[in-house]
Amino acid sequence: MCICTFFRQEFERICRQEVKVPGLLVMRDVAIAKSEFVPDERAVSKLQDFQENPELFRYCALPQILKYVECFTGPNIMAMHTMLINKPPDAGKKTSRHPMHQDLHYFPFRPSDHIVCAWTAMEKVNRQNGCLVVLPGTHKGTLQEHDYPDWEGGVNKMYHGLRDYDPNHPRMYVEMEKGDTVFFHPLLIHGSGMNQTQGFRKAISCHYASSDCYYIDVKGTTQENIGNEVQEIAGKKYGINEVAFKDTWAFRGRLVQGERTSL
Ligand SMILES: CC(C)CC(=O)SCCNC(=O)CCNC(=O)[C@H](O)C(C)(C)COP(=O)(O)OP(=O)(O)OC[C@H]1O[C@@H](n2cnc3c(N)ncnc32)[C@H](O)[C@@H]1OP(=O)(O)O
Ligand SMILES: O=C(O)CCC(=O)C(=O)O
């Protein structure tokens, strides 16, 4: 069975609450966050942190993915962040958009050139259902300031966007077929559009980093705002008062190849 079909089946079982995955975060779109919970895919816009589920985690160790990841990370590879993104049909408030951002904003580790995202389309993705949109060449720039965009219809929790970017920069809409994977640098400015169809646009993603990367202190940097927010949410989730931003990453990171040297 192909990995996309397997993920679809497991996703449906998780939504129906037939499978419990330790540590899994189940996110609902902000447009329905306060409605009654319905145990099906309509209520789940993202599964995050599936590293404790060996079946789903197989994605992170697929040789056909790691062979490209290794070009960025070298031989010691950690899977740092896992997601199944189920972009819902937009409820009319444009909340299904993902604002333009750089993934490095979320990561308190460096160097950025040894971090890479693999993003696999679980079905055909195009401009209608909200494919990725990227600003080519921006991975050669620096990390910019991020914050919540000022969107009338509301913004999903932790969906920070760039405070400022050139609206005239050429854009590329990354239209893909089911099973296609794109690999991108954590400084690349990207986001995704509104889902204007009635279907759910699904994708799997994993952020990899070389285990030789090192943690940085984000205090006093542009990342302090996300660091504080993540610490607060993680504190509630794990019932701990003080949890360091970097520790939220160290808990979740899993070695997929080589040796865990630093991260
Ligand atoms: C590189 C990569 C990292 C880039 C990205 O992916 S950026 C986005 C990363 N962040 C995420 O994916 C967020 C992951 N989701 C979560 O952490 C959780 O689902 C939470 C949003 C914290 C909610 O979790 P949980 O506390 O279990 O949910 P509850 O149903 O009990 O709601 C608690 C309060 O939160 C609100 N809420 C729930 N979902 C969202 C939402 N999507 N956006 C905004 N607010 C939301 C909910 O209404 C409730 O509010 P109150 O009743 O306390 O006022
Ligand atoms: O899948 C999407 O719609 C966007 C995901 C994304 O940009 C991210 O998680 O960093």
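Helix α1 is followed by Gln17, whose phi is positive, near 65°. Helices here are DSSP runs of H or I of at least four residues, strands are runs of E of at least two, and both are numbered from the N terminus. The model is predicted: local features need pLDDT of at least 70, side-chain atom pairs count only at pLDDT 80 or more, and totals for chains, interfaces and linings use all residues. Residues are numbered from 1 along each chain as its sequence is written, while chains are lettered from A and ligands numbered from 1 in the order in which they are written.

The 13 residues of α1 should span 18 Å at 1.5 Å a residue, and the end C-alpha atoms are 18 Å apart, which agrees. The expected span is 1.5 Å times one less than the number of residues. Phe7, Phe11 and Ile14 are the buried residues of α1. They cover an arc of only 65° around the axis, so they sit on the same side of α1. The arc is that of the directions from the helix axis to the C-beta atoms. A residue is buried if 20 or more other C-beta atoms lie within 10 Å of its own, exposed if 12 or fewer, and partly exposed in between, with C-beta atoms placed from the backbone. The face turned away from the buried side carries the exposed residues Thr5, Gln9 and Arg13. The buried residues of α1 pack against β2, α2 (54–57), β3 and β13. Contact requires C-beta atoms, placed from the backbone, within 7 Å.

Beyond four places in sequence, Tyr208 touches Val69, Thr73, Ile77, Met78, Ala79, Met80, Val116 and Ala118.

Helix α4 (residues 224–238) reaches 21 Å from its first C-alpha to its last, close to the 21 Å expected. Just after α4, Gly239 takes a positive phi of about 65°. In α5 (residues 245–252), Phe245, Thr248 and Trp249 are buried. They fall within an arc of 95° seen down the axis, so they line one face of the helix. Their cover includes β3, β5 (109–110) and α4.

Asn195 lies between β12 and β13. It is buried, with 23 other C-beta atoms within 10 Å. The C-alpha atoms of Asn195 and Lys94, 101 residues apart along the chain, are separated by 8.4 Å. Pro186 is in the loop between β11 (181–184) and β12. Pro186 counts as buried, with 23 C-beta neighbours inside 10 Å. Its contacts beyond four places in sequence are Gln102, Asp103, Leu104, Phe107, Ser112, Ile115 and Cys117.

Ligand 1 has 17 residues around it; Met27, Val30, Ala33, Lys157 and Met158 come nearest. A residue counts as near if its C-beta atom, placed from the backbone, lies within 6 Å. Strands β1 (25–27) and β2 (46–48) each give two or more residues to this shell. The residues around ligand 2 include His98, Asp103 and His190. Strand β12 gives the most to the shell around ligand 2, with three residues.

How values were computed. Two residues are in contact if their C-beta atoms, placed from the backbone, lie within 7 Å.
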